[in-house]
Amino acid sequence: MLTTLLQNIINALQWGSFYSMIALGYCLVYGVLRLINFAHGDIFMVAAYIGFVFVGFLLKFMPGSGMYGWIVLAITLPVTMVLTSMLGVFIERVAYRPLREKGAHRLYVVITALMVGLVLENGNLAIFGASSRKFPEIIDKVVFTFGGVRITNLKVMVIVTAIVIFIFLQTVVNRSKIGMAMRAISYDKFGIPLMGIPVNKVVVFTFIVGSSLAAIAGVLFGMSYPVLDPYMGMIIGWKAFIAAVVGGIGDIKGAFLGGFMLGFIEILIVSFFSSNLKDLIAFTILLIILVIKPTGFFGVAKSTKI
Amino acid sequence: MKKRFTLLLIIVLFVSMVPLFAGGDKENVIKIGFNIPMTGDIPKVGEASKFSAEMMKEDINSAGGLEIGGVKYMLEFIYQDNESKAESAVAVALKLIEQDKVIGIIGPNSSKQAIPGGEVADDNRTPMVSPWSTNPATTKGRPYVFRAAFLDPFQGPVAANFATDQFGAKTAAVIYNLDNDYSKGLAEYFTAAFEKLHGKGSVIAYESFGQKDQDFSVQLTKIIAAKPDFMFLPIYYNKVALVLPQAYDLGWDGDVLGSDSWGSAELVTLAGDVVKGKYFITHYAAAGAKGATKEFIDRYNAKYGYIPDDVGALSWDALGVMIQGLKGMKEITGDIAADRVALMESIKAIKSFAGVTGTMAFDSEGDPIKEAVIVKVSDSGEFVFEKAVAP
């Protein structure tokens with residue numbers, strides 16, 4: 001019984017890590033622009049595909065096992081991050097910035113984000129077809145066993161990465177100059193340009209960081225759940241968004257803990273009740289939390305929230 | 001501005017009506033519609049259906065067409081994508097029936113679409129043959145709906161018996177896809193059959209997941225903790241590729257049995273080594289086939305470059321059934337409603353149809369009476385015949 005519980009805690013940590021990583025991406029963009037970037041789940045999906053294509057390309061030149069597997073991963077990860085960032089910045093440049101500069105209401109930008117997500121899904125469908133793709137195995141799987149509790153090296157990597165990303169973001173946003181600029185824009189979008197802060201540059205930086213997060217999550221996700229399809233980012237993206245809201249959207253700590261919380265709620269419900277009721281109970285709990293505390297755990301009430 | 005918009009609207013309306021006028025009065029053509037998933041979760045299934053159909057169409061049309069009542073008719077196939085969604089399958093069925101005026105429909109393939117699709121076909125008195133659907137509800141009480149595959153209530157006991165004989169299993173676990181009629185139905189039939197053999201409570205873990213779920217670690221942790229003798233997985237091939245590796249990571253070491261939804265050419269591509277040596281129930285086995293079945297497999301492989309999976313073979317048979325039905329009609333009157341009724345009567349009257357998935361006849365519900373096959377995935381990834389099980 002105890003082993004099962006410990007095993008499920010590991011399961012929840014790993015699954016929650018993915019929610020967390022995606023939720024952090026939502027949170028970052030929201031924190032700066034007050035924009036719910038609904039395309040984020042699909043950027044995550046595109047990142048998984050970029051990783052898939054690039055790994056396939058590299059495997060033509062080197063074997064995907066042993067030391068080489070790690071080299072493949074070490075090259076794939078930065079390349080995917082760069083390419084995904086370019087996509088994120090491109091989306092910001094063509095879809096969000098024009099609207100922002102015309103002073104459109106935020107609601108329209110959110111709807112644009114939804115449409116961008118659909119464009120990415122269907123664009124992917126057009127390029128890769130609807131068949132599921134298999135993400136190649138690149139690192140040799142090692143299973144560690146601690147008295148019946150089993151954890152793979154990949155799971156350890158996922159959990160550690162999520163925590164490292166969180167610490168990195170906390171530091172950047174709270175301790176660095178650009179982080180201060182980000183917080184400043186979030187505080188007052190109109191006054192800040194007058195202070196000589198290049199708003200667009202900071203926004204581009206935000207999208208680079210957010211998309212890189214999606215890239216890391218996408219590649220790790222592909223490695224953990226190696227069946228890719230064009231709609232894979234949709235549901236997990238929505239759930240991560242909900243996790244970010246419950247954690248208190250706009251707050252990095254909130255998004256991070258919210259992701260883990262959703263992971264734990266989902267896993268513990270299945271382990272104690274029935275798997276049939278997973279989403280029903282999970283979202284009822286989240287709903288109740290929001291009703292009691294509409295700003296989420298760490299959020300601060302702001303009248304301009306949508 | 002407003003005028004221009006009205007003009008545009010009129011043009012769009014006219015353009016969209018062109019096919020209606022163009023398609024109406026061609027002589028000596030029989031139209032058959034296909035309600036198949038060409039995008040969505042299982043596009044390979046739609047592709048296999050289409051490829052088989054194209055092969056059959058070439059055969060018949062190059063021989064000068066199909067002879068019905070002394071007149072030769074060319075075949076025209078209309079492929080429509082149901083996106084592997086129930087609501088799209090309904091829309092596609094309606095479009096094929098009302099707009100394209102097809103005489104009959106092949107598909108949908110999965111029960112999730114075939115059950116609502118069959119309702120539309122039956123309400124509109126249009127014959128429909130589903131190649132792959134195995135849930136009883138698809139044809140039940142619907143005289144116009146037929147199928148080429150055997151049923152889940154039959155597949156359930158086959159799975160229970162095979163596991164008992166082959167694995168010596170006394171306890172079982174099931175993991176199934178909650179929002180899929182096929183998977184849920186089969187999980188229930190299997191449980192009923194297994195508990196009949198080994199007593200109540202012998203299915204010691206019964207877990208489910210949602211269509212878009214990717215992590216099954218907690219369900220599998222529960223199953224592994226219950227220590228069943230084997231695990232029954234009535235789930236689609238793309239989920240098998242996620243469930244099995246996760247199960248082994250979590251320490252699963254028992255036997256595994258799959259259902260006919262594993263039978264896709266993509267199973268081994270997606271799942272890799274973990275499915276090798278596993279058994280699953282299916283409709284036909286490509287490796288070791290003889291006679292007409294072998295001929296079909298060789299031709300398909302030569303034309304499209306891969307061994308047809310069971311959907312390909314069943315689509316071939318479903319279409320074969322419809323064509324045998326057409327041949328059995330006295331004449332094509334041109335009155336589409338009357339012809340559809342005549343086709344339904346004719347399919348119903350088929351005494352025995354020799355298909356590539358076995359010889360079949362139809363019972364009063366429009367379900368075939370035929371054998372199931374159990375195959376083993378070999379080390380080279382082929383589906384090798386293990387055992388045939390008769391009803």
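This report walks through a predicted model with chains A and B, from overall build to single residues.

## Chain A as a whole

Let us begin with chain A, which holds 10 helices and 4 strands. Along the sequence these elements come in the order α-α-α-α-β-β-β-α-α-α-β-α-α-α. The radius of gyration is 19 Å, close to the 19 Å that the globule rule gives for 306 residues, so chain A is as compact as a globular protein of that length.

The C-alpha trace of chain A spans about 60 × 50 × 40 Å along its principal axes. Of the 306 residues in chain A, 48% are buried.

## Where chain A meets chain B

The contact between the chains brings together 23 residues of chain A and 27 residues of chain B. On the chain A side, the elements that supply two or more residues are α1 (2-33), β3 (149-152) and α9 (252-272). Of these, α1(A) gives the most, with 5 residues. Sorted by class, this side of chain A has 9 nonpolar, 11 polar and 3 charged residues.

## Two domains in chain B

Chain B is assigned two domains: domain 1 takes in 30-150 + 290-370, and domain 2 covers 152-282. Their centres, taken over C-alpha atoms, are 29 Å apart. Each side contributes to the contact between them, with 16 residues from domain 1 of chain B and 16 residues from domain 2 of chain B.

On the domain 1 side, α2 (43-62) and α4 of chain B are the elements that give two or more residues. The largest share comes from α4(B), with 3 residues. By class, the domain 1 side has 7 nonpolar, 4 polar and 5 charged residues.

## Helix α6 of chain B and its approach

Helix α6(B) runs over residues 181-198 and has 18 residues. From first C-alpha to last it reaches 26 Å, close to the 26 Å expected at 1.5 Å a residue. Its buried residues include Asp181(B), Tyr182(B), Leu186(B), Phe190(B) and Phe194(B). Among the elements that cover the buried residues are α4 (111-123), α5 (152-167), β7 (172-177), β8 (203-209) and β9 (230-233) of chain B. Just past the helix, Gly199(B) adopts a positive phi of about 90°.

Asn180(B) sits in the loop between β7 and α6 of chain B. Asn180(B) counts as buried because it has 24 C-beta neighbours inside 10 Å, where 20 or more are needed. Setting aside neighbours within four places in sequence, Asn180(B) is in contact with Lys112(B) and Gln211(B). Lys327(B), by comparison, lies 147 residues away along the chain, and its C-alpha atom is 36 Å from that of Asn180(B).

## A three-stranded sheet in chain B

Chain B also has an open sheet of 3 strands, in the order β12-β13-β14, with antiparallel pairing. The edge strands are β12 (353-355) and β14 (368-369) of chain B, each pairing on one side only. Strand β13(B), residues 358-362, is joined to β14(B) by 2 bridges. Across this pair, Phe362(B) stands opposite Pro368(B) in β14(B).

## Backbone details worth a look

Glu83(B) and Ser84(B) both belong to the loop between β3 and α3 of chain B. Glu83(B) has a positive phi of about 55° although it is not a glycine, and Ser84(B), also not a glycine, has a positive phi near 60°. In their surroundings, Glu83(B) counts as partly exposed, with 19 C-beta neighbours inside 10 Å, whereas Ser84(B) is buried, with 25 other C-beta atoms within 10 Å.

A cis peptide bond leads from Gly107(B) to Pro108(B), with omega near -10°. Pro108(B) is placed in the loop between β4 (104-106) and α4 of chain B.

Methods: Residues numbered from 1 in each chain as written. Chains lettered and ligands numbered in written order. Predicted model: local features only at pLDDT ≥ 70, side-chain atom pairs only at ≥ 80, totals over all residues. Expected span 1.5 Å × (residues − 1). Buried ≥ 20, exposed ≤ 12 C-beta atoms within 10 Å, placed from the backbone. Contact = placed C-beta atoms within 7 Å. Rg over C-alpha atoms; globule rule 2.2 N^0.38 Å. Nonpolar A, V, L, I, M, F, W, Y, C, P; charged D, E, K, R; others polar. Domains from an automatic or database assignment. Pairing = 2+ DSSP bridges.
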